[in-house]
Amino acid sequence: MRLGKGKKCPVFLLLFMLFHVTFGAYVGINIGTDVSDLPSASDIVSILQTHEITHVRLYDADLHMLKALSNSGIDVIVGVTNEEVLGIGLSPSTAAAWISKNVAAYLPSTNITYIAVGSEVLTSIPNAGRVLIYAMNNLHKALVASNLNFQVKVSAPQSMNLIPKAFPPSTATFNSSSNSTIYQLLQFLKNTNSSYMLNGYPYHGFIEGNGIFPLDYSLFRPLPPVKQIVDPNTLFHYNSMLDAMVDATYYSIGALSFSGIPVMVTETGWPSSGGVNEPDATAENAQAFNDNLIRRVLNGTGPPGHSELPVSAYIYELFNEDKRSGPVSEKNWGVLFTNGTAVYPLSLSASDRNTANSTSAFCVAKQDADPDKLLTGLNWACGQGQANCSAVQQGQPCYMPNSVTNHASYAYNDYYQRMHSLGGTCDFQGTATLTTLNPSYGSCLFTGSSNSSLGVLLSPSALAPSNPMSGCFLIIPGYKLQFILWVICLPLVLL
């Protein structure tokens with residue numbers, strides 16, 4: 001997706017922690033730099049460390065980032081830009097100099113694990129395919145000469161467009177016009193025990209499908225039996241488009257008689273905002289996609305056709321890149337603003353994601369709940385339900401993203417944590433659900449999380465919403481002054 005000079009991509013930063021799970025599957029993040037107010041390299045690394053991010057991808061070999069990542073404990077994919085591929089492919093000495101300057105000079109303090117050669121070269125610059133293979137070989141030989149080939153692997157991220165017909169996955173094949181180059185690429189990956197790097201975007205697959213596939217399928221949400229996506233040849237059921245994309249890649253690799261080459265998703269994500277013609281680029285959809293992606297990766301299994309092969313993935317991307325050209329959505333793939341605050345709630349801590357041993361439950365709004373019912377539930381929780389909703393007032397830690405779903409989640413959970421021991425439930429007219437995943441993000445700590453405080457339990461008079469619209473909290477239409485009445489009524493609630 002990132003093409004040309006100045007277009008960069010992966011690294012994982014945010015209000016979450018990245019960590020290894022079964023068989024080593026992990027989530028990482030891309031770091032793009034087409035940003036007007038990009039933080040300094042040291043500040044970026046500080047953010048990564050604060051949130052215990054363990055895997056990042058750089059689109060180039062920026063010396064400031066490579067220095068700042070020294071002794072950070074973060075695994076790094078360093079990038080060769082498309083502009084550099086030609087010189088490295090034509091000259092082994094240029095490749096050796098690149099390795100010396102951008103890899104060997106920083107090891108072992110900066111833990112460089114992969115070199116990503118170019119960005120989607122085989123689809124963006126088809127005529128450069130042969131040079132790409134030469135560049136990969138020259139870089140690998142330079143690593144061997146420096147005795148670094150077992151520590152640092154070489155691969156090349158490719159677009160999903162390299163597979164013209166990805167569904168059904170079992171019959172997927174690479175573009176026949178590129179077979180010779182792809183064969184050489186796969187032979188290189190096989191010989192060097194390296195992974196195939198896939199840039200797979202269900203957002204684009206959904207948009208370009210013109211309604212063929214349901215939105216929920218693109219967002220990893222379960223589908224009813226009558227709408228489930230099934231490969232007619234294998235009868236495998238696919239619960240997400242990304243799973244189908246990964247399986248299509250494995251089957252395409254197999255069609256060229258290769259096996260044992262792992263697939264790594266080097267770019268995937270969902271934009272949080274778009275133009276008037278991009279109605280599905282929303283914060284709610286972006287949150288749903290990335291939250292479910294993280295859950296899927298850390299599940300430790302692969303796609304249906306290759307379930308024994310867990311797939312690691314790098315979210316696209318760390319920051320919104322306001323300097324990027326194209327539609328509005330192109331500027332809004334980030335999970336963080338440059339001041340370190342979240343674009344939308346997203347939790348990635350090991351303790352939050354380790355649901356098997358979790359004893360805590362959080363009450364949150366259902367992502368597909370009716371907005372009017374959510375508004376009613378939010379009004380009741382912050383009014384008669386006596387939830388402490390001050391954190392979702394404008395300017396407070398949980399105000400952003402300014403959506404009824406986000407605010408309702410906070411209010412529902414605060415009510416539930418205070419009242420469930422006294423008989424309070426997590427229902428709110430069917431708009432709420434219990435989860436063991438901690439929904440806290442950044443400085444927004446949900447009641448019941450390890451660093452939050454319940455405060456004083458209120459009386460059990462708020463155990464059930466006898467009149468959902470009663471109480472003193474009311475959201476003003478337009479969602480701008482939504483908590484003014486709560487501030488006015490707060491002293492009465494505390495009496």
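At what angle do helix α6 and helix α7 pack, and how far apart are their axes?

Mentor: Bear in mind that this is a predicted model, where local features need pLDDT of at least 70 and side-chain atom pairs count only at pLDDT 80 or more, while totals for chains, interfaces and linings use all residues. Residues are numbered from 1 along each chain as its sequence is written, and side-chain values use heavy atoms, with hydrogens and water left out.

Now to your pair. Helix α6 covers residues 129-145 and helix α7 residues 179-191; they pack at about 15 degrees, with their axes 9 Å apart. That angle makes α6 roughly parallel to α7. On the terms: helices (H or I, at least four residues) and strands (E, at least two) are DSSP runs, numbered from the N terminus. Axes are lines fitted to C-alpha atoms, for helices over the stretch in contact, and angles run from 0 to 180 degrees between N-to-C directions. Angles under 35 degrees count as roughly parallel, over 145 as roughly antiparallel, 65 to 115 as roughly perpendicular, and the rest as oblique.

The α6 and α7 crossing is left-handed, a label used if the near helix is turned anticlockwise from the far one by less than a right angle, with right-handed meaning clockwise. From α6, the residues in contact (heavy atoms within 4.5 Å) are Gly129, Ile133, Met136, Asn137 and His140, and α7 brings Thr181, Gln184, Leu185, Phe188 and Leu189. By class, the contact of α6 with α7 has 5 nonpolar, 5 polar and no charged residues. Here Ala, Val, Leu, Ile, Met, Phe, Trp, Tyr, Cys and Pro count as nonpolar, Asp, Glu, Lys and Arg as charged, and the others, Gly among them, as polar.

α6 has another partner to look at, helix α4 (residues 92-104): their axes come within 8 Å and cross at roughly 60 degrees. α4 and α6 are therefore oblique to each other, and this crossing is right-handed. On the α4 side you'll find Pro92, Ala95, Ala96, Trp98, Ile99 and Val103, and on the α6 side Asn138, Leu139, Ala142 and Leu143. Those residues split into 9 nonpolar, 1 polar and no charged.

Follow α4 and you get to the sheet: α4 lies across β3 and β4 (111-117), at about 140 degrees to β4. The sheet is open and has 9 strands with parallel pairing, in the order β5-β4-β3-β2-β1-β11-β10-β7-β6. β5 (153-155) and β6 (158-159) are its edge strands, each pairing on one side only. Two strands pair if DSSP finds at least two bridges between them. Take β2 (residues 55-58) and β3 (residues 75-80), which pair in the parallel sense over 3 bridges; there His55 stands opposite Asp75 in β3.

With a relative accessible area of 8%, Ser159 is buried; buried means under 20% relative accessible area, exposed over 50%, and partly exposed in between (1.4 Å probe, protein chains only). Leaving out residues up to four places away in sequence, Ser159 touches Glu120, Thr123 and Asn199. Ser159 and Met197 are 38 residues apart in sequence, yet 8.8 Å apart in space, C-alpha to C-alpha.

On the way from β6 to α7, the loop holds Pro168, and the peptide bond from Phe167 to Pro168 is cis, with omega near 0 degrees. Another cis bond runs from Tyr316 to Glu317, with omega near 10 degrees; Glu317 is in the loop between β11 (313-315) and α12 (350-353).

Asn71, in the loop between α2 (63-68) and β3, has phi near 60 degrees, a positive value in a residue other than glycine. Asn71 counts as exposed, at 64% relative accessibility. Phe220 also has a positive phi, about 70 degrees, but counts as buried at 13% relative accessibility.

Stepping back, the chain has 15 helices and 13 strands, and of its 495 residues 56% count as buried. Among contacts between residues at least 6 apart in sequence, 72% join residues at least 24 apart.
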